[in-house]
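Reader: Please show me the model. I will then ask what lies behind some of the labels used for it.

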Amino acid sequence: LMMKMVKMHPMSLQYASEELRCDEDLVLEALRRNFRSLQHAPLLRGSRSFMLRAVQVDALALSLADEELREDPQIVCEAVEREWEMLEHVCQDLRSNYAFMMEAVGIEGLSLKYASDELRCQREVVAAAIGNSGQALEFAALELQRDPEMVLMALHQDVQAILYADESLSSDFGFMFRAVRVDGLALMGASVDLRADPDLIMAAVKSNWRALKYACRSLRSNLTFMLQAVRINSFCLSMAMEDLWMNPTLLAAAAEEEPPSQREAPLNRSSPDAELWQVLQQARPGWSESDLLAAMQKLAVIGVTNVPLLSQALSSDLNGRLRAAGQKIFTATTVMELRARMAAFTRASAAADAAAAEAAQTKSRGRSSRPNGRLAF
């Protein structure tokens, strides 16, 4: 009876007998539906074996564990693997522990947010964090946000990491020139003066034409400059100021055929591998081509070579399979984004199948209602 009750109303666990509130299966069933139901099972909250199972069901269960268990590295790592912000509920001793935090930032780079001030100053810890998530640079010590090599390392992971670089770098032409060659969109972090530098803007456009939107208005309304830009990529026309949109000279330059070196295309878009590549790229748009290839390779090691197989792996334990195969696991953010993309991909596929079925049915009805074409004499 209580099992049925907690399936419908998980908080009804509070009305169960003390004996039933110690039943692990019953409490886990309630926990699956609402992690707060765990507050009505005080004895199990102090059980290490149970809490290890509980955080695997819902990482938020860690916030209700006894204080002693919130210091248990294994339980905490299980929770952090599923939700990195659970580090907020971890004791300061663990957050100051080098080995523990190295494992945490290996699971999710943004875990650096909860590291002690001392660890945020250590290059090894910060490098491990931004190697996993470029935006972890936000939580690094100021001296490391001023380090050009550290910032460039973060940019290779996520171009938005440039927003957390120190002002001394964002106003330095030499550094920003290196940054836009990694990804033109790094121009978003440049100082106001550098956004008016035509040489820097052109270098950014060669790397990524969309970087032009971060250039100052005076350059985007300059015909000579915009002619150079559209000759690199005709899509730059869309970034010009309104008074140049209908300029015949600029339109003629944009209409010219784009050089082969600027064309994308390396994959056959109809192949299963291309679909998987596209899902990965949509989930992590900041990844470079080498990052995407590395992800494809480690997925291939565990037999995930197309989108349906990725969907199956995500519905079970993708990271568990990667770990068992000796591969680096995906961050919690990446897994979340992949699940979101897979849901969208599934809906789009279902809609396409439904449309195809309807078209086939309509065609069939048309054939059956067609009059006999033979003449009757």
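Reader: What makes Asp-23 a cap of the N-terminal end of α2?

Author: A side-chain oxygen of Asp-23 lies 3.1 Å from the backbone nitrogen of Asp-25. A polar contact is a pair of N or O atoms within 3.5 Å; within protein, one must be able to donate a hydrogen and the other to accept it, and residues adjacent in sequence count only if both atoms are side-chain atoms. The model is predicted: local features need pLDDT of at least 70, side-chain atom pairs count only at pLDDT 80 or more, and totals for chains, interfaces and linings use all residues. Residues are numbered from 1 along each chain as its sequence is written, and side-chain values use heavy atoms, with hydrogens and water left out.

Reader: Why is Met-5 called partly exposed?

Author: Its relative accessibility is 31%, so Met-5 counts as partly exposed. Buried means under 20% relative accessible area, exposed over 50%, and partly exposed in between (1.4 Å probe, protein chains only). Met-5 is found in helix α1 and touches Pro-10 and Ser-12, not counting residues up to four places away in sequence; contact means heavy atoms within 4.5 Å.

Reader: Which residues of α2 are buried, and what covers them?

Author: In α2, residues 24–33, the buried ones are Leu-26, Val-27, Leu-28, Glu-29, Ala-30 and Leu-31. Their cover includes α1 (2–8) and α3 (48–57). Helices (H or I, at least four residues) and strands (E, at least two) are DSSP runs, numbered from the N terminus.

Reader: Why does Leu-251 count as partly exposed?

Author: Leu-251, found in helix α16 (residues 248–255), counts as partly exposed because its relative accessibility is 32%.
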